[in-house]
Amino acid sequence: MRQAIVIGAGIAGIAVSIRLALKGLNVTVLEANSYPGGKLSEFVLGDFRFDAGPSLFTLPELVDELFELSGRKSEYYFRHVKLDLGCRYFYEDGTVLNAWADPQKFALEVEAKLGIPSNRLLIHLQDAARKYNLTKGIFLERSLHKIRSYFQKDVLKAMLNVRSLDLGKTMHEANQKALSEPRLVQLFDRFATYNGSNPYRAPGVLNLIPHLEHGIGACFPMGGMVEITNSLVRLAKELGVQFEFGKKVERIIVEGGRATGVMVESKRLEADLVVSNMDIVPTYRKLLPDQKAPEKVLNHERSSSALIFYWGIREQFDQLDLHNIFFSQDYAAEFKGIFDGGELAADPTVYVHISSKMEERDAPEGQENWFVMVNVPGNKGQDWDVHIPQIRERVLDKLSRILAKDIRSMIRCEAILDPRSIESKTSSYQGSLYGASSNSQMSAFFRHANFSRKISGLYFCGGSVHPGGGIPLCLLSAKIVASLVDAA
Ligand code: FAD
């Protein structure tokens, strides 16, 4: 039986272990932490449970598919419900807007609250669907680095429609042209943050992202986001995958142009193929120090990072939903601060996720578990110990002002995650949430391939390589790796 070693039990590492086990390989996953999931994990603080990282779940069929491929009914392992309300948006002028998953309902809400004819929003959402359907096969589902990927019908179709993909505009320019109302433009610009990018630089084709929430629909996994990790680990174990925790891989062994194993705790473990789910930058810098690194790819601008305050809140807020956004007044200045060396926002956009709205067990009765996140630049040695308390005060002022309650006095317990701790807990270079940014038209081509051109038997999956970050794309990276192993 061929032996595969997977470095890292992030969501892509777990998914690839399942796919390789299904191909009849003997699979061992070596994970540095004492728990699986990487960014997609959980922790308990006092009486409150928190998902540590991701909170928005789209394309659940990519998880279900892994159970079905294994001959299991996914609902026995993993249950998710579709959300009616995508997100509730709060603006400083007092507007509160419900972004319903149902496009018609959303469009009527926009018409009533912002005075934009419903048809205008519906056309914009249809355009998002069109962009998504035209490009997903090319940019998301196949390797961009294999010539055979380009000899497909959908590539020709996309080429014929290339002018309508808004590649020559930024997301903001395209949203501005289509919607013009500043609050609505800001709402749609926000979708750039779904892959950690800047709407004032990211290409307009990324205006396909809203289709995930307002076309296909977002979901909530029962038991919390961590159930994605837990259910897939359970499946992987049933398929015979071996997980070894507390095992930090030190080197990938390369002999005669082939990956032949890894070094862990100074011991050699043999393998026929190695898949790294570690971020691509430290994979080259730390695990392959003697190999020539693809500098252009490794130096590509990173996606944003985040500062998260996990608060156990002693009250319940009926005006809040599962996903809530409190917008800043100057979005352009905010992104300048995140990506272009500007000042950190004096008035940041704040995201509040409350899983106890769906899972009562996540907080004591009458209380709530708040995951409060602000986008910030990646870790480049800034003085976070100075920035964090400043941002915390701004966030508390903003939430208290808009919700007309003294939030400070309601915090029962607190934990904080910042770019440094994201980096140290998951090896994510600069603590970026989604690997490389998508801030240019060519970004997709600057992500590392899912395989090594120079070292046979070496593959890469996860948010820092093709097709990019976020749970769905990580799952797709695992699928592409499995297809490449087949073809090898
Ligand atoms: P990671 O989660 O990065 O894990 C990599 C694993 O490899 C880690 O467990 C690490 O310990 C292990 N490892 C690293 N080096 C070694 C080594 N040398 N030896 C052994 N093990 C090693 N995505 C969404 O879809 N929706 C969201 O709402 C969302 N929100 C986010 C919010 C936050 C705060 C964060 C941090 C991320 C968010 N994301 C979101 C992004 C999403 O979490 C990631 O894209 C995805 O989880 C990354 O998975 P991965 O497979 O690349 O591995």
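Reader: Helices (H or I, at least four residues) and strands (E, at least two) are DSSP runs numbered from the N terminus, so which helix gives the most to the shell around the ligand?

Author: Helix 15 does, with three residues in that shell, where a residue counts as near if one of its heavy atoms lies within 4 Å. This is a predicted model, in which local features need pLDDT of at least 70 and side-chain atom pairs pLDDT 80 or more, while totals for chains, interfaces and linings use all residues. Residues are numbered from 1 along each chain as its sequence is written, and side-chain values use heavy atoms, without hydrogens and water.

Reader: OK, and which residues come nearest to the ligand?

Author: Of the 34 residues around the ligand, Glu31, Lys39, Gly463, Gly470 and Ile471 come nearest. An N or O atom in the Lys39 side chain is 2.6 Å from a ligand oxygen, and a polar backbone atom of Gly463 is 2.8 Å from an oxygen of the ligand, where a polar contact is a pair of N or O atoms within 3.5 Å.

Reader: How much of the ligand does the protein bury?

Author: The protein buries 95% of the 1,000 Å² that the ligand exposes when taken alone, with areas from the Shrake-Rupley method and a 1.4 Å probe.

Reader: Switching topic, how many disulfides are there?

Author: A search of the whole structure finds zero disulfides, meaning pairs of cysteine sulfur atoms within 2.5 Å. For Cys219, the closest cysteine sulfur is in Cys87, and because it is 15 Å away, it is too far for a bond.

Reader: Is Cys219 buried or exposed?

Author: Cys219 is buried, at 4% relative accessible area, and Cys413 is buried too, at 16%; buried means under 20%, exposed over 50%, and partly exposed in between, with a 1.4 Å probe and protein chains only.

How values were computed: A polar contact is a pair of N or O atoms within 3.5 Å; within protein, one must be able to donate a hydrogen and the other to accept it, and residues adjacent in sequence count only if both atoms are side-chain atoms.
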